[in-house]
Amino acid sequence: MNELATTRAAEAAPAARPNLVRINLVGLHTIVRKETRRVVRIWVQTIVPPAITMTLYFIIFGSLVGRRIGQMDGVSYTTFIAPGLIMMAVITNSFANVVSSFFSSKLMLHLEEMLVAPLAHSTIVLGFVAGGVVRGLLVAALVVVVALFFTDLHVVHPLVTVTTIVLTAVVFSTAGLFNAIFARSFDDISIIPTFVLTPLTYLGGVFFSTSLLPPFWQKLALVNPILYMVNAFRYGMLGKSDIPIGWAYAIMVGFAAALFAAVLVMLHRGTGVRS
């Protein structure tokens, strides 16, 4: 009788609830590790090409063109463009890493496995974004090493420098995820980098100071969010900026929050995932 009562009590007892916090922490760690290993494993494709590209920029714009320009904002032209080139590498590589990785997960049906697992959508988003940030920071570190061969860089405001580069990597990693959700083919993941990111980056103060522009174009340039990121990073490294730093942080945090929320809503609705 005692054994029968014990058995019935065990059957009546509710099943142990899974520890969702632990599950999501393990899931986040797994996604971040996968994304990081992907970046490191194919380093010839993810790390080396940006360094070669930025070396050519330093040679052509810094050494050759820079000799004719001389100084800009009180520093040599090569020193002036160095922060902008570092940010250019962070923007393009953070975006490219997430958009390609997430779209591949959709294509290979890995994403469906994650969506049916007891993982929060925020965990999936954070995992992919972290992978983009890792690649962006690795490329930035390598570009800094390249820049040191052409000019002397001294970080004036370390906190501004670090927070700006991390926030920028977060913004464009999340933007890459946004693009990948809508993408239906590999052609779709190249549209935004080609027709949106590249023009905005070149017009974002990487190679010039907005003080050189006519008043109308100075006002128009303020619409470009990359201008704020480049100038905030230049302020962190050189102590010089064309825009208020407070506005730059507001733009970066605002874009990061808006994109993160938009991506979560789309994943919840199954946008780009469910046929």
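## Overall architecture

Of the 275 residues in the protein chain, 42% are buried (under 20% relative accessible area, with exposed meaning over 50% and partly exposed in between, for a 1.4 Å probe and protein chains only). The model is predicted, so local features need pLDDT of at least 70 and side-chain atom pairs count only at pLDDT 80 or more, while totals for chains, interfaces and linings use all residues. Residues are numbered from 1 along each chain as its sequence is written, and side-chain values use heavy atoms, with hydrogens and water left out.

The protein chain has 12 helices and 2 strands, where helices (H or I, at least four residues) and strands (E, at least two) are DSSP runs numbered from the N terminus. Their order along the sequence is α-α-α-α-β-β-α-α-α-α-α-α-α-α. The C-alpha trace spans about 95 × 35 × 35 Å along its principal axes. Among contacts (heavy atoms within 4.5 Å) with a separation of 6 or more, 81% join residues 24 or more positions apart.

## Helix α5 and helix α2

Helix α2 (residues 20–41) and helix α5 (residues 77–107) have axes that come within 12 Å and cross at roughly 115 degrees. That angle makes α2 roughly perpendicular to α5. Axes are lines fitted to C-alpha atoms, for helices over the stretch in contact, and angles run from 0 to 180 degrees between N-to-C directions. Angles under 35 degrees count as roughly parallel, over 145 as roughly antiparallel, 65 to 115 as roughly perpendicular and the rest as oblique.

The crossing of α2 and α5 is right-handed, the term for a near helix turned clockwise from the far one by less than a right angle, with anticlockwise giving left-handed. Lys34, Glu35, Arg38 and Val39 of α2 meet Asn97, Ser100, Ser101 and Ser105 of α5. These residues divide into 1 nonpolar, 4 polar and 3 charged; Ala, Val, Leu, Ile, Met, Phe, Trp, Tyr, Cys and Pro count as nonpolar, Asp, Glu, Lys and Arg as charged, and the others, Gly among them, as polar.

## Helix α5 and helix α11

Helix α11 (residues 225–238) packs against α5 at an angle of about 130 degrees, with the axes 9 Å apart. The two helices are therefore oblique to each other, and their crossing is right-handed.

On the α5 side, the contact includes Phe80, Ile81, Met87 and Ile91, which belong to a set meeting α11 residues including Ile226, Met229, Phe233 and Leu238. The residues of this contact divide into 12 nonpolar, 2 polar and 1 charged.

## Asparagine 231 in α11

Asparagine 231 is found in helix α11 and, at 1% relative accessibility, counts as buried. A polar atom of its side chain lies 2.8 Å from the backbone oxygen of leucine 227. The side chain of asparagine 231 also reaches the backbone nitrogen of aspartate 242 at 2.8 Å. Beyond its neighbours within four places in sequence, asparagine 231 contacts Lys240, Ser241, Asp242, Ile243 and Ile245.

Glutamine 218 lies in helix α10 (residues 215–221) and is partly exposed, with a relative accessible area of 30%. Its side chain reaches the backbone oxygen of threonine 210 at 3.4 Å. Not counting residues up to four places away in sequence, glutamine 218 touches Thr210, Ser211 and Leu213.

Aspartate 73 lies in the loop between β1 (71–72) and β2 (75–76). Its phi is near 55 degrees, a positive value in a residue other than glycine. At 32% relative accessibility, aspartate 73 counts as partly exposed.

Conventions. Polar contact = N/O pair within 3.5 Å; in protein donor to acceptor, adjacent residues only side chain to side chain.
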